[in-house]
Amino acid sequence: MARVNANAWVPEEYGSEVLQTVNANSAVEALARKVAMTSDTMKTPRLGSLNVEVIQKGEVYPEDQPVMDNVLLDAVKFGDRVIIAEEDLDDAKVDVVTALQNEWAVAYSRKLDNACLGTTAAANGDTVPFESVYRAVSQGAAGNLIQTGGAVTYADLSSVLGAAEGGDYYSDADTVVIAHTKF
């Protein structure tokens with residue numbers, strides 16, 4: 001079995017097939033704000049809501065005081081290593097490297113989305129790399145607690161989306177719904 005020396009590999013380009021596969025399969029990678037990490041942990045600013053006022057002609061513009069806070073980001077590395085037999089590399093019928101890269105991209109996408117959005121366990125830095133959105137809103141922190149009284153139905157989902165659409169911050173153009181595939 002041949003071992004591949006990856007010391008001279010270059011990073012993936014932004015338009016590569018692997019990155020396109022990740023973006024197509026991961027809601028987090030496709031939609032989340034990208035922040036370049038320069039250290040293991042980093043604070044990034046988060047802007048609170050702004051208000052818009054109706055102003056009569058000749059009136060002084062009111063002053064809004066948006067709330068600025070920070071989100072603490074913690075860098076986590078995802079990866080794995082695949083050993084490919086020389087016979088597989090020489091097979092002209094299948095591009096085994098590209099096939100494996102795309103399989104890895106799909107597996108990474110699932111693991112990242114589950115870690116970011118749907119993990120119920122507490123972060124441990126290993127099998128649970130960080131606290132998911134689901135855990136954050138289901139543990140009662142800051143008065144947030146989600147529970148269902150049984151199986152979630154289409155009517156339940158429609159009711160939640162209806163409430164969101166009627167809210168002050170709803171914007172159809174900026175709305176993204178991330179849901180389990182059964183919905």
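Mentor: Start with exposure: buried means under 20% relative accessible area, exposed over 50%, partly exposed in between (1.4 Å probe, protein chains only). This is a predicted model, where local features need pLDDT of at least 70, side-chain atom pairs count only at pLDDT 80 or more, and totals for chains, interfaces and linings use all residues. Residues are numbered from 1 along each chain as its sequence is written, and side-chain values use heavy atoms, with hydrogens and water left out.

Trainee: Why is arginine 46 called partly exposed?

Mentor: Its relative accessible area is 44%. That lies between 20% and 50%, so arginine 46 is partly exposed. Aspartate 69, at 31%, is partly exposed too.

Trainee: What makes aspartate 69 and arginine 46 a salt bridge?

Mentor: The term needs a side-chain nitrogen of Lys or Arg within 4 Å of a carboxyl oxygen of Asp or Glu. Here N to O is 2.8 Å, so the pair qualifies. Aspartate 69 sits in strand E2 (residues 68–74) and arginine 46 in strand E1 (residues 41–47), 23 residues apart. Strands are DSSP runs of at least two residues (E), and helices of at least four (H or I), numbered from the N terminus.

Trainee: How many salt bridges does the whole structure have?

Mentor: The search finds one.
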